[in-house]
Amino acid sequence: MTTATPAQTPRPPATSWLAAGSLRILVSLIVPLITFLVLRWAFIFMRDTEASKLAIGVVALIIGVGGVWALFLVTDNLVSILPDRIRESVRPFVFVGPALVILTAYVIYPTLRTVYLSFLDARSQNFVGLENYAFALTSGEMLIALRNNVLWLIFVTGFVVSLGLVISVMVDRIGRWEPIAKSFIFLPMAISAVGASVIWKFVYSFQPIQRPQIGLLNAIYTALGGDPQGWLILKPWNNFFLLAIMIWVLTGFAMVVLSAAIKGVPAELLEASRIDGASEIRIFFGVIIPYIRGTLITITTTVLIMVLKVFDIVFVMTNGQFETEVIANRMYREMFSFGNYGHASALAVVLLVAVIPVMIYNVRSLEQSRR
Amino acid sequence: MSVGLQTPGSIANDRLRKFLSGIPVRVTVVLISIVWTLPSAGLLISSLRPANDITASGWWTVFSHPFEASIWTVENYVQVLTAHGLAGAILNSVLVTVPSVVIPITIAAFAAYAFAWLEFPGRKTLFTIVVGLMVVPLQMALVPLLRIYTQIDLNGTFLGLWLFHTGFGLPLAVFLLYGYISTLPGEIIESAHVDGAAPLTTFSRLVLPLSVPVIASFAIFQFLWVWNDLLAALVFLGTREDVVVLTARVAALVGRRGEQWHVLTAGAFVNMAIPVLIFFSLQRYFVRGLTAGSVKG
């Protein structure tokens with residue numbers, strides 16, 4: 001590791017050093033002041049929604065791109081006028097400071113605050129103990145939401161990881177068409193959940209029996225002799241039609257990551273097991289799977305976390321009606337439809353508690369990699 | 001191929017191997033690719049059909065006479081961009097997205113450099129905390145921040161949403177950039193110090209240019225995250241015409257115009273166009289960003 005050493009520059013004559021020094025101090029004081037004023041002005045300007053959108057846009061981009069840089073340059077400059085000894089011990093904090101401030105303000109403080117609010121009532125005025133958690137974990141509506149989240153977690157994660165694994169093994173064997181096939185399966189990952197929801201709402205679209213079906217699923221189903229179904233109101237199967245969307249989105253992601261890992265399995269290892277007469281299935285379970293274990297764990301936890309927080313798909317497709325509610329959508333409704341901030345906070349804490357094992361796992365593997 | 005003794009097992013095994021590399025695998029892969037593409041294809045084709053046709057017949061019927069000009073139209077796109085305000089929403093999405101990508105990258109790059117190459121007390125502990133914060137669900141911040149924003153009039157402003165995306169993009173950004181910056185060759189950075197370069201110079205002239213690949217990966221990841229985000233945009237910007245972003249606008253169309261498929265299909269495609277374009281042009285970086293950065297709050 002480097003310790004920052006002060007610059008070893010030859011010392012200029014005393015008078016010009018003094019002049020340069022005072023000029024430097026002057027600049028160091030004026031520039032921050034100007035920067036601060038500009039940022040403040042921009043801040044107020046952007047709150048002022050009367051300004052034309054294009055003007056806001058221009059200021060926005062200047063601030064977004066330039067403002068942050070200016071802030072760093074100015075504080076670094078400010079630190080440079082400090083005496084040598086203090087300077088180099090302060091400087092690292094100029095670099096990490098903004099990140100730490102924002103993380104504290106946007107992640108750490110709100111998290112603690114939400115935990116606190118989860119023990120207060122709907123308007124956050126009176127202490128209600130565990131009432132919000134009683135609601136979150138035992139009320140009838142929430143039991144449905146919790147059940148659905150469990151369904152999502154099991155089926156989406158299960159399908160995404162196993163489908164992704166199987167497809168990545170298969171595309172590995174089709175030669176030059178591999179990249180094209182991968183692109184097709186991977187593409188949904190670039191699509192927003194809102195876009196994906198519209199796509200699938202169309203697939204699930206339902207028309208009365210005498211009219212032509214325009215949704216793919218009902219067209220196939222009626223062609224096979226069935227009556228058209230309103231898939232999204234078909235309890236409890238509608239949950240599976242919703243979670244299928246997420247499987248569609250995430251499978252390509254699992255496939256791409258796992259495929260990269262499988263390609264990393266040394267060819268000699270595979271060849272050696274083949275010469276030993278191991279069957280392909282044994283090679284898959286005995287060589288490939290153990291080799292990519294780390295990637296499998298990462299993919300599984302990643303998908304679990306994404307699924308746990310699922311919001312957009314449910315919000316757009318059914319908004320939790322017909323027993324398709326999930327925790328994150330319920331939380332949004334508690335905030336904006338019911339104005340119950342106690343319930344909303346408790347639901348957020350439930351999500352947080354669910355990801356804590358992953359947090360611990362991440363920190364542990366970081367510490368292991370340091371050794 | 002194994003050239004050992006042909007035991008019954010190895011014969012069966014050879015057969016299996018041939019089977020796996022043969023036609024059935026190709027057919028299966030083609031089938032899966034088709035199944036995965038059909039829903040999007042249906043959306044794209046429908047968005048180019050006249051409104052009445054969409055509800056009168058399935059989109060697949062266009063293949064019976066695909067070259068008749070009368071079955072295609074761009075009217076749906078004209079309509080969503082003008083009458084339904086998607087043109088304005090595109091601008092809003094850009095205004096939200098660009099700073100929400102640039103600000104966290106800048107702040108994270110400075111921090112990652114300090115974590116990797118500068119000595120200061122608490123360095124390891126602070127970095128561990130940053131890694132721990134990576135998976136905090138963004139739901140944890142919604143209620144308190146919404147309240148604070150209402151008090152200081154930041155609600156419904158772009159600035160508020162940028163800072164939010166910065167906050168929740170930072171842990172991952174710092175982690176990714178640290179992983180890359182800490183593996184830069186130490187001799188280069190130390191020789192810069194010996195030559196008398198200040199940390200800021202080393203950072204901006206040396207570290208930053210060398211880190212372009214990882215910055216590109218994170219930028220694409222964050223771009224998609226912010227562009228496709230609905231929840232934070234709904235909470236902190238809302239659905240007012242002058243600030244509403246594309247995802248929120250399209251989501252509103254679904255709610256209000258449940259069966260107006262010509263509007264919905266075109267709207268959804270407008271929302272998808274830019275990410276899909278980026279996907280095709282920068283797939284390599286995109287994959288790397290996703291691989292490295294999938295665990296996020």
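In this predicted model, the domain assignment divides chain B into domain 1, covering residues 8-73, and domain 2, covering residues 81-293. The C-alpha centres of these two domains of chain B are 35 Å apart. Their contact draws 7 residues from domain 1 of chain B and 6 residues from domain 2 of chain B. On the side of domain 1 of chain B that touches domain 2 of chain B, the elements giving two or more residues are α2 (23-47) and α3 (51-56) of chain B. Of the elements on that side, α2(B) gives the most, with 4 residues. By class, the residues on this side of domain 1 of chain B comprise 4 nonpolar, 3 polar and no charged.

Chain A is likewise assigned two domains, with domain 1 spanning residues 14-117 and domain 2 spanning residues 132-370. Here the C-alpha centres of domain 1 of chain A and domain 2 of chain A lie 41 Å apart. The secondary structure of chain A consists of 15 helices and 0 strands. Chain A has 371 residues, of which 39% count as buried. When contacts in chain A between residues at least 6 apart in sequence are considered, 64% of them join residues at least 24 apart.

The two chains also meet each other. Their contact takes 99 residues from chain A and 108 residues from chain B. On the side of chain A that touches chain B, α3(A) gives the most, with 17 residues. The residues on this side of chain A divide by class into 69 nonpolar, 19 polar and 11 charged.

One helix pair shows how α3(A) takes part in packing between the chains. Two packed helices are described by the angle between their axes and the distance between the axes. Helix α3 of chain A (residues 84-117) packs against helix α7 of chain B (residues 139-151) at an angle of about 85 degrees, and their axes are 8 Å apart. Angles of 65 to 115 degrees count as roughly perpendicular, and α3(A) and α7(B) are therefore roughly perpendicular to each other. From α3(A), the contact is made by A:Tyr106, A:Val107, A:Pro110, A:Thr111, A:Arg113, A:Thr114 and A:Leu117. The partners from α7(B) are B:Met140, B:Ala141, B:Val143, B:Pro144 and B:Leu145. Taken by class, the contact of α3(A) with α7(B) has 9 nonpolar, 2 polar and 1 charged residues.

Note on methods:
Residues are numbered from 1 along each chain as its sequence is written. Chains are lettered from A and ligands numbered from 1 in the order in which they are written. This is a predicted model: local features need pLDDT of at least 70, side-chain atom pairs count only at pLDDT 80 or more; totals for chains, interfaces and linings use all residues. Axes are lines fitted to C-alpha atoms, for helices over the stretch in contact, and angles run from 0 to 180 degrees between N-to-C directions. Angles under 35 degrees count as roughly parallel, over 145 as roughly antiparallel, 65 to 115 as roughly perpendicular and the rest as oblique. Two residues are in contact if their C-beta atoms, placed from the backbone, lie within 7 Å. Ala, Val, Leu, Ile, Met, Phe, Trp, Tyr, Cys and Pro count as nonpolar, Asp, Glu, Lys and Arg as charged, and the others, Gly among them, as polar. Domain bounds come from an automatic or database domain assignment. A residue is buried if 20 or more other C-beta atoms lie within 10 Å of its own, exposed if 12 or fewer, and partly exposed in between; C-beta atoms are placed from the backbone.
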